[in-house]
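Subject: Structure handover

Hi,

Here is the structure I promised to pass on. My notes follow below it.

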Amino acid sequence: MSASRRSVSLLKTLLTHKTQSRAVTYMPRPGDGAPRPITLIPGDGIGPLVTNAVEQVMEAMHAPVYFEKYEVYGDMKWMPQEVIDSIKKNKVCLKGGLRTPMGGGVNSLNVQLRRELDLYASLVDCCNLPGLPTRHENVDIVVIRENTEGEYSGLEHEVVPGVVESLKVITKFCSERIAKYAFEYAYLNNRKKVTAVHKANIMKLADGLFLESCRHVAAKYPTITYNEIIVDNCCMQLVSKPEQFDVMVTPNLYGNLVANTAAGIAGGTGVMPGGNVGAEHAVFEQGASAGNVGKEKMVEQKTANPVALLLSSAMMLRHLQFPSFADRLENAVKNVILEGKYRTKDLSGENTTQEVVDAVIAKID
């Protein structure tokens with residue numbers, strides 16, 4: 001083959017490769033590039049460390065967002081009204097962990113926020129990250145949890161001294177709403193299966209209503225496989241064969257347990273993103289609640305893992321319709337994980353939060 005023909009062949013190969021690797025252009029609406037305000041709640045424990053990591057990365061990317069920061073702590077009796085008003089105005093919030101006191105009659109600010117803004121769907125994305133060794137491979141689970149009722153309804157009272165009654169509330173409206181969200185998510189993200197988690201063999205009316213609602217919605221999505229699993233068997237199956245699960249839809253309490261279990265299997269709570277969404281507002285935070293406040297030693301040594309909240313921020317950027325910024329952030333974080341040079345202690349590394357942040361910034365293209 002002559003040199004000229006080889007050149008033409010090479011040029012065709014390069015052009016073909018370029019054409020195949022280029023995504024179709026994202027066509028924004030006029031004004032979509034205007035910077036968007038985000039309500040920021042650093043929170044307790046490691047919260048200020050990891051939210052500051054997000055601020056640094058967003059600034060390095062020149063992302064079209066800016067933050068309205070509010071100091072909120074888990075031992076406050078009520079979420080400040082100015083914070084609620086800010087989220088209602090901005091529609092989007094990024095938050096660190098808020099410590100919930102054990103007992104004592106102090107309400108959880110996290111639950112207050114979900115109820116006030118009707119953030120009825122919690123989503124935790126649990127998947128293996130390339131370069132991060134785990135016991136199981138091919139884990140790619142999305143846990144979608146009903147966020148406003150169930151055991152978190154807060155209806156407890158002492159009947160007589162030494163006897164406490166706690167009510168679990170399940171409604172058809174909320175059950176169908178979360179089931180519809182789960183199936184919509186599966187449909188829009190090319191997912192193949194939705195699994196409903198329940199305990200209807202014991203709680204026949206409450207969890208029975210949840211299952212009935214899921215079945216009703218499932219009938220409208222014939223291209224998506226639907227199945228059901230009892231929550232105790234679900235936990236056993238998660239730790240033995242997690243790759244069998246795709247999208248999981250759960251009532252409130254089960255979802256918290258399942259999401260944290262799935263996160264631990266897929267790499268740990270420090271790397272799993274998540275968010276809470278309603279019809280009008282969204283709050284993004286570390287996906288799994290276990291460890292989202294951290295320990296005092298971690299705060300003192302500044303070794304909190306920022307990966308989970310950075311990936312949650314990528315979810316937030318997609319929610320705001322800034323897909324290229326989301327891709328750049330997610331790719332930078334995943335490249336740092338893949339290289340394995342910069343990792344915090346929870347990922348068997350010795351680096352500080354800031355060193356991981358600097359590595360991510362260096363990877364941003």
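Start in the sheet, at Ile144, which stands opposite Val249 in S10. Please keep in mind that this is a predicted model.

Strand S5 (residues 140–146) and S10 pair in the parallel sense, over four bridges. S8 also runs parallel to S10, and three bridges join them. In that pairing, Thr195 stands opposite Met248.

S10 itself spans residues 247–250, and both its faces are covered. Val247 and Val249 are buried on one side, Met248 and Thr250 on the other. As a general point, side chains in a regular strand alternate between the two faces of the sheet.

Next, Lys199. This lysine sits in the loop between strand S8 (193–198) and helix H6 (206–218). Is Lys199 buried or exposed? Lys199 counts as buried, because its relative accessibility is 17% and the cut-off for buried is under 20%. Leaving aside residues up to four places away in sequence, Lys199 touches Asp207, Ile230, Val231, Asp232 and Tyr254. Leu211 is twelve residues from Lys199 in sequence, with 9.5 Å between their C-alpha atoms.

Val159 belongs to strand S6 (residues 156–160). Val159 is partly exposed, at 47% relative accessibility.

Now the charged pairs. The structure holds 19 salt bridges.

- Arg99 and Glu296 meet through their side chains at 4.0 Å, N to O. This pair links distant parts of the chain, 197 residues apart: Arg99 is in the loop between strand S3 (92–95) and helix H4 (109–117), Glu296 in helix H9 (residues 296–301). Arg99 is partly exposed at 38%, whereas Glu296 is exposed at 52%.
- Glu228 and Arg215 form a salt bridge at 2.7 Å, N to O. Glu228 lies in strand S9 (residues 225–230) and Arg215 in helix H6, so the pair ties together parts 13 residues apart in sequence. Glu228 is partly exposed at 30%, and Arg215 is partly exposed at 46%.
- Lys363 pairs with Glu339 in a salt bridge, the closest N and O atoms being 2.4 Å apart. Lys363 is in helix H12 (residues 353–363) and Glu339 in helix H11 (residues 323–339), 24 residues apart. Lys363 is partly exposed at 31%, and Glu339 is partly exposed at 42%.

Best wishes

Conventions: Residues numbered from 1 in each chain as written. Predicted model: local features only at pLDDT ≥ 70, side-chain atom pairs only at ≥ 80, totals over all residues. Heavy atoms only, no water. Helix = DSSP H or I, 4+ residues; strand = E, 2+ residues; numbered from the N terminus. Buried < 20%, exposed > 50% of the residue type's maximum accessible area, 1.4 Å probe, protein only. Contact = heavy atoms within 4.5 Å. Pairing = 2+ DSSP bridges.
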